[in-house]
Structure formats: C-alpha cells, structure tokens
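User: I have a chain open and would like to go through it. Can we start with the surface?

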Amino acid sequence: MTRENETVATGGSPAKLLSLFATPVAKIPCPFGTEINGDLAAAVLSRSAADIKDLSFKSETVGNLTDWGDPEVDRLTSWVLRTARTFVENLRGEPLHRAVGAPAASDVRLAANRSWASIYRGGDHHAAHFHPNTAIAAVYYVASAGPCDLELADPRANVEFFDPGISFANEGRTVRIGSSPGTLLLMPGWMKHSVPPYEGADVRISIAWNLAYSFSANVALQPAGD
C-alpha cells in the first residue's frame, strides 16, 4: 500500500501533494561477473552458428539458456533468482510467503519461465516492448565494446495519446539507463523498454530472463495467464 505524503501549502492551509505510482528498477553489479563473463560470451557465440534467430534488428538464441547445462549460466541464473527475490521482498517489506499467507518460505519461489541471449552488432537495436505474463524482467550484460544502454518509457497508460502543451508530471519522458558488462537490471515485466542502436565496434551480448512466481499446493493464489 502506498501512503500519502503530506505537505503544507504556502498559503497556510494544509494540502497534500501525492507522488504516486513510482516504478522500481534495480541496477545491481554481479559480484562474480568478471569471473564468468568471458565464458558466457564464448558459450553464446559458439551457439550463434546454429541455434540462433537472425532477426532484422538483432540476433537471439533459440530455446532456453537454462536448458544448456552450462555451469556459468546456471550459476548466474541462481544468483539472479536470489537477487530478484530479495528485490521484491525489500520493496514489500515482508517475505514472499507472508505476502500470500503461506506458512513457509519454500511455498513461494521465483522461476525463470524463459531465458535467452541477445547479440547486437553495429546498428542493431530493439524497439520498445515489454515481457507479457512476466512478474520481473531481468537483463544481464555479458560483453560490450560500447555502452549498454536501455531506454525506459513512461509506463502510465495513454500518455502518448495526448499532448496538453505543458508538462507538469514528466509525461512521456524516456529514461536512459547506462550499464556495463557485469550489471543486472530488474524491472516489472510490464515496463516498456527499448535498446537504442548499438555503436560499438565489437558485439554486445546480454542475457534476459522472464521471471514468474511459482506457488506450492499450500497457496490458493495462482497468477493470471498461466
């Protein structure tokens, strides 16, 4: 629940200025990123000859990375799942199982429903999109000779359909987050984001996971869309 922040107007009468619906986005360095990034990049590129979708704007691995049996991918995925759980629990101020009235921490877990690697070369980009039926979208940067930029669009519905002429709430604002290899970004799956054209001389490699909640039989709640 979001609580109101009360302020006092300059005219002497009390007034409330509410800043509502903030969107949490986490930017987290991986503590062992430098140890695994070289092997991760090699694993992705070794599969790029066969198990790759050559899209018009980037290349993307086929299937789930979590099915590769690669020890570095599995190590990174385990860390991403733990970090994402901590991210949500810190925001809520309570353990996940208490959020749904379950008796044990093991009754709620985060799972990677889908995972893939993206390869960007000079001029490649990704238009604005979101990840349907995803609680948390996770993006990890593996390799890049240039900046790892991600642009986040204003998530408020319908702002793109009306221009009042004067903005007072940053309507339609785009926020660019710059990262480097070894950085993890976490955001709600409904957050619309895009990748600006890559201008590096080499390749830029990132890994993404669509994370969702998985509940035991002790939890009556089931997510919509399953």
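User: Which residues make the nonpolar surface patch of about 340 Å²?
Analyst: This is a predicted model. In it, Leu 18, Leu 20 and Phe 21 make that patch.

User: Where is Leu 20?
Analyst: Leu 20 sits in the loop between β2 (14-16) and β3 (26-29).

User: And why is Leu 20 called partly exposed?
Analyst: Because its relative accessible area is 45%, and partly exposed covers values between the buried limit of under 20% and the exposed limit of over 50%.

User: Now the inside. Which residues touch the most other members of the largest nonpolar core?
Analyst: Leu 76, Tyr 140 and Trp 209 do, in a core of 40 residues. The elements that give two or more residues to this core are α1 (33-47), α2 (71-92), β6 (108-120), β8 (136-143), β11 (183-188) and β13 (204-215).

User: Which element gives the most?
Analyst: α2, with seven residues.

User: What other core lies apart from that one?
Analyst: One of 13 residues, including Ala 137, Leu 150, Ile 177 and Val 195. In soluble globular proteins, nonpolar side chains tend to be buried together.

User: Changing topic: how many helices and strands are in the chain?
Analyst: The chain has three helices and 13 strands.

User: How much of the chain is buried residues?
Analyst: Of its 226 residues, 40% are buried.

User: What about contacts between residues at least 6 apart in sequence?
Analyst: Among those contacts, 82% join residues at least 24 apart.

User: Last one: what does the C-alpha trace span along its principal axes?
Analyst: About 70 × 50 × 30 Å.

Methods:
Residues are numbered from 1 along each chain as its sequence is written. This is a predicted model: local features need pLDDT of at least 70, side-chain atom pairs count only at pLDDT 80 or more; totals for chains, interfaces and linings use all residues. Side-chain values use heavy atoms; hydrogens and water are left out. Patches are made of residues with over 30% relative accessible area and no salt bridge: like charges are joined within 9 Å, nonpolar side chains (Val, Leu, Ile, Met, Phe, Trp, Tyr) within 5 Å. Accessible areas come from the Shrake-Rupley method with a 1.4 Å probe; for residues, only the protein chains shown count as cover. A salt bridge is a side-chain nitrogen of Lys or Arg within 4 Å of a carboxyl oxygen of Asp or Glu. Helices (H or I, at least four residues) and strands (E, at least two) are DSSP runs, numbered from the N terminus. Buried means under 20% relative accessible area, exposed over 50%, partly exposed in between (1.4 Å probe, protein chains only). A nonpolar core is a set of buried Ala, Val, Leu, Ile, Met, Phe, Trp, Tyr and Cys residues joined through side-chain atoms within 4.5 Å. Contact means heavy atoms within 4.5 Å.
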